[in-house]
Amino acid sequence: MPCEVKPRFLVLYGSQKGQAQSIAEGIAEEAEEKGLVADIYCLSEGGKFNLEKESAPVVFVVSTTGDGDPPDTALKFVKNIKKKTLPSDHYSHLCYALIALGDTNYANFCNCGKTIDGRLQELGAKHFYATGHADDGVGLELVLDPWLEGLWEAIIGALAKMATPQPERDGHVRDLRVSLNETPESSATDVKLHLMSLKESEPPNSDSLRTAAESESTKTDGAPSAVVEASLTRSLPPLSESVLNVPALPPPYLDVTLQEATIEEETSAPVSKETLHEVPISRAVQLTRDDSDKTALLIELDISAHPMAYQPGDSLDVLCPNRASEVGELLQRLCLQDQRSHRVQLSLRKDTKKKAAHLPSYIPENSTLTYMLTWSLELRTVPKKAFLRSLVECTGDSGERRRLQELCSKQGSADYNLYVRDPSLGLLDLLRAFPACQPPLSLLIEHLPKLQPRPYSATSSSMRHPGRLHFVFNVIEFPACTWRPTGRRGLCTGWLSDLVSRGVTCVCNCSFRLPSDLSKPLLMIGPGTGVAPFIGFLQQREKEREENPEAKFGETWLFFGCRHRDRDFLFREELHGFVGNGTLTHLKVCFSRDTPMGTETETGPRYVQHNLLLYAKDITNLLLQENGYLYVCGDAKNMAKDVNETLIKMVSAELQLDQLDAMKRLAGLREEKRYLQDIWC
């Protein structure tokens, strides 16, 4: 008999930090279980796929980075499809689905996905399934899970349509879409199109869900019952009594061996192919008073021995290690403390079913176990549901199995957000909560992402401080919770605050910069430590004024805010000095927690957006009539959103535009790179 040819589709992803790649790989792996073949490629691998000749359905998984920019792996693809020479029917043969990943805490939500989606439509491509926009600000799974659940029915429908040509109706694809707010009804004919229940995916343990649920809900008649609350390790009805839809078990793909090393490897600095500079800290200053709600520190780096050119507004990536205490605790939990100096040897499993399996490039060859856990893996990352699903197989305790199954299931999404995602629990927190869980080292390497550098804005100008680079940060504090008995500091900010005379490893990035035209007005909005890059801007402008006394300089406005004038007013003397010598034309400050003398209520502007409204006419004129530049630095979750909404109101009111047109005017500033943001959560 001839071999059966499985239906094929194509999966393409554009990923910056691995999130989109992981989702795409999950789609490809689940396809095989459903009797389909998925070819999977990164958008940067343009030589391995050809959309101009592609006849199968295509699924795009695309993230957004920076100020709405495509991830590095998608830059070339986006540039190519945006060519104006392409005809309007260039992709008329193509049918596709797209899931865009983004974060509403940042501007230009899912912008890369929207750009690709819109351009493909302009070039004649057609949807076979509704586009999804998943928000990491509230939890990707809220949109992602139902989108993935409905995807399979849509793919099979698209494949069937291609196999049996049908006339188009009014130019539209036959509707095979599933609402993101609805669950497709199951039937005997469509059960294979949905996520597998545990019974389908785990035959040996098909009764475990019901059995555990029944034993959990059993109560003694007539006995007094204590109040039981849900927690990370305990669920309540209806979840505890539900039959669960759990994701398929991610196929293992790594073999790990530990070899005794003859020479112990250094673990004090990372190995990387990037351009890195290890530099000493020459000065550290606490900018806030001891009784302030936050601790802000200024760090001065001595970069005189390194050719590290930077401009005010550039950001530097600081590479920090995982805390030694956490590495030690993990080694002890894995029973590997005696092998901490052994070298890690990685290889791909010959029998793996994982699509496009590859060795992690960020783990150096022959690195020691301690080195790998210190510099290569993000131990504090919030575990994804796929990781939790794998941990189910690592515990023999039935109660732990059931709870881990709940947390990774569709039905347990609310509990996952409440008990795992929102409190930012990491791997160690979970292992403390589930003491019977003993994952192998290979599983951690497969699921823990690369330890990412942390970006900070340069606070200095090299013209004012040659051979030095300043940056400012707040020491992040995470409160204690049930499975984190004591509070902890942010990984990088805690590490930096512990440093006295040791070095810092960093790499410089260029994006948030002053305009080359000195005559352009500058509007800078930076509450709290968001003022940091603007100190560098003003230092640079001060030097430029000294060196170009005849030049025409545009106005400079700075809107700064903090909680208390006496405790948190960062760079107060330096800012007043800039005002005094004419470098800073306007300094507008506000203090959200101070009450004016002799009054019981606040009467002045409380936040920077309130101050903006007081100068709406001036700001609108500087931006839209004098082609000024607007810079926003600081908190993305609240401040940046509020500032953007305020700007929309101001433009709408001053130019007599409706909200949509006002938004378009601001979007135009972004496209011209005259509305720039350096924001963080």
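Me: Is D415 buried or exposed in this predicted model?
Reply: The cut-off for buried is under 20% relative accessible area. D415 has a relative accessible area of 15%. That value puts D415 in the class called buried.

Me: Which residue meets D415 in a salt bridge?
Reply: The N to O distance of the bridge is 2.8 Å. D415 lies in helix α11, and its partner lies in helix α10. The pair therefore ties together parts twelve residues apart in sequence.

Me: How many residues apart are R380 and E326?
Reply: Their side chains meet in a salt bridge at 2.7 Å, N to O. R380 sits in the loop between α8 and α9, whereas E326 sits in helix α7. R380 is buried at 11% relative accessible area, and E326 is buried at 13%. The pair links distant parts of the chain, and the separation is 54 residues.

Me: Which parts of the chain does the salt bridge of R567 and D291 tie together, and how many residues apart are they?
Reply: The two side chains meet at 3.9 Å, N to O. Salt bridges are counted within 4 Å, so this pair qualifies. R567 lies in helix α16 and D291 in the loop between β8 and β9, so the tied parts are 276 residues apart.

Me: Are R567 and D291 buried, partly exposed or exposed?
Reply: Buried means under 20% and exposed means over 50%. R567 has a relative accessible area of 26%. D291 is at 40%. Both R567 and D291 are partly exposed.

Me: How many salt bridges does a search of the whole structure find?
Reply: Side chains of opposite charge can pair when their charged atoms come close. Some bridges share partners, and these join R283, E300, D302 and R468 into one network. The search of the whole structure gives 35.

Me: Where is the negative surface patch member E555 found, and is it buried or partly exposed?
Reply: E555 forms the patch with D618, E626 and E654. Patch residues need over 30% relative accessible area. E555 has 31%, which makes it partly exposed. Its place is the loop between α15 and β18.

Me: What is the phi of C335?
Reply: Most residues other than glycine have a negative phi. C335 is not a glycine, yet its phi is positive. C335 lies in the loop between α7 and β11 and is exposed, with a relative accessible area of 58%. Its phi is near 60 degrees.

Me: Where does K673 lie?
Reply: K673 has a positive phi of about 60 degrees although it is not a glycine. At 46% relative accessibility, K673 counts as partly exposed. Its place is the loop between α21 and β21.

Key. Residues are numbered from 1 along each chain as its sequence is written. This is a predicted model: local features need pLDDT of at least 70, side-chain atom pairs count only at pLDDT 80 or more; totals for chains, interfaces and linings use all residues. Side-chain values use heavy atoms; hydrogens and water are left out. Patches are made of residues with over 30% relative accessible area and no salt bridge: like charges are joined within 9 Å, nonpolar side chains (Val, Leu, Ile, Met, Phe, Trp, Tyr) within 5 Å. Accessible areas come from the Shrake-Rupley method with a 1.4 Å probe; for residues, only the protein chains shown count as cover. Lys and Arg count as positive and Asp and Glu as negative; His and the chain ends are not counted. The place of a charge is taken as NZ of Lys, CZ of Arg, CG of Asp or CD of Glu. Helices (H or I, at least four residues) and strands (E, at least two) are DSSP runs, numbered from the N terminus. Buried means under 20% relative accessible area, exposed over 50%, partly exposed in between (1.4 Å probe, protein chains only).
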